[in-house]
Amino acid sequence: MAMNIGMMDSAYFVGRNEILSWINTRLHLNLSRVEEAASGAAQCQMMDMTHPGVVPMHKVNFNAKTEYDMIQNYKVLQDVFSKLKIDKHVEVNRLVKGRPLDNLEFLQWLKRYCDSVTGGMMNENYNPVERRSKLGKEKSLKSYNKNCKSLQANNSHNSDLWDGVGVDKLSGTKQGNAPAPAIATNFMEEREYLTKEIAELKLSVDLLEKERDFYFTKLRDIEILCQTPELENLPMSVAIKKILYASDAKDSKFAEAQEDARLSTDIEGGSDGENIRDN
């Protein structure tokens, strides 16, 4: 099913407010800017509403924050397009950057497509919140709240326990039992030390995630460059993709790719030499 429409089509004159209202009304979301849909999750669910059961919603991450996680959502979306034979090229590398115009244009196309399938009518039998809950978002939130309450209960219990220990120890000072203040002090010092250590670990994780995203973006740019029609069949591009798509970390494709690149260079060099001699 081809669904490429020209840039002068009326679909691309739909305003961002109408687009946001369309998404928020149908999916029960509260987006205030089109770039908030850059993760691709809303697009996946809109396709799920249009074609119930086609989208594997358990693979859709509504909490995607990094480009890596967002790209995984767009892979799900592209798989759905392939399954439905929808001829639409998705500029993933632009959408995940959160650029307003790119995201608006894609959402305008998506609205046009969905309206063409549903006739602009809302699927009244579709419960978007329930569908999202199946992918674990609400469950995770409930689990988080439950853990918080459990932690608070444990802290309260520990506090009562320490209070009890303190009272017992203080009441027992006349009998020579006076180490309770020292125990409480050690407990507070240890808690403070662990709190600082957790903060440092969180900072390290944040830095590692930023570094990961930085290098992933570079690799993604290289992949897109090697996939351009003008370059994708060049020996060097083939060699680079061989390294990028190696599935086994232990089985390095570098030597093989390097040999392919060298052979292609030798062949090209030989051809140039023959041309010079012919001239």
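The legends below describe close-up views of cavities, pockets, a helix crossing and an aromatic pair in a predicted model. Residues are numbered from 1 along each chain as its sequence is written, and side-chain values use heavy atoms, with hydrogens and water left out. Because the model is predicted, local features need pLDDT of at least 70 and side-chain atom pairs count only at pLDDT 80 or more, while totals for chains, interfaces and linings use all residues.

**View 1. The largest cavity, lined in part by H1, H2 and H5**. A cavity is a set of points on a 1 Å grid over the protein atoms alone where a 1.4 Å probe fits but cannot get out, and its lining residues have an atom within 4 Å of a point. Searching the whole structure gives two cavities of 30 Å³ or more, and the largest has a volume of about 80 Å³, a volume being the space filled by probe spheres set on grid points that are joined across faces, edges and corners. Among the residues that line the largest cavity are Trp22, Arg26, Met46, Met49, Cys114, Asp115 and Asn123. Helices H1 (16-27), H2 (41-50) and H5 (100-118) each supply at least two residues of this lining, where helices (H or I, at least four residues) are DSSP runs numbered from the N terminus. The lining has six nonpolar, four polar and two charged residues; here Ala, Val, Leu, Ile, Met, Phe, Trp, Tyr, Cys and Pro count as nonpolar, Asp, Glu, Lys and Arg as charged, and the others, Gly among them, as polar.

**View 2. The crossing of H1 and H2**. The axes of H1 and H2, which come within 11 Å, cross at roughly 60 degrees; axes are lines fitted to C-alpha atoms, for helices over the stretch in contact, with angles running from 0 to 180 degrees between N-to-C directions. From H1, Trp22, Ile23, Arg26 and Leu27 meet Ala42, Gln45, Met46 and Met49 of H2, contact meaning heavy atoms within 4.5 Å. This contact between H1 and H2 has six nonpolar, one polar and one charged residues.

**View 3. The aromatic pair of Phe81 and Trp109**. The structure holds three aromatic pairs, in which rings of Phe, Tyr and Trp (its six-membered ring) have centres within 6.5 Å, and planes under 30 degrees apart count as stacked, over 60 as edge-to-face and the rest as tilted. One of them, formed by Phe81 and Trp109, is edge-to-face, at 5.6 Å centre to centre with 65 degrees between the planes. Phe81 belongs to helix H3 and Trp109 to helix H5, so the pair ties together parts that are 28 residues apart in sequence.

**View 4. The second largest cavity, with H3 and H8 in its lining**. This cavity has a volume of about 50 Å³, and its lining includes Glu67, Asn93, Lys97, Phe216 and Arg220. H8 (180-226) gives the most to the lining, with four residues, and the lining as a whole divides into three nonpolar, two polar and four charged residues.

**View 5. The largest pocket**. A pocket is an open set of points with protein on both sides within 12 Å along at least five of seven lines, and about 460 Å³ of space lies in the largest one. Of the 20 residues that line the largest pocket, Arg220, Glu223, Ile224, Gln227 and Tyr245 lie nearest its centre. H3 gives the most to this lining, with six residues.
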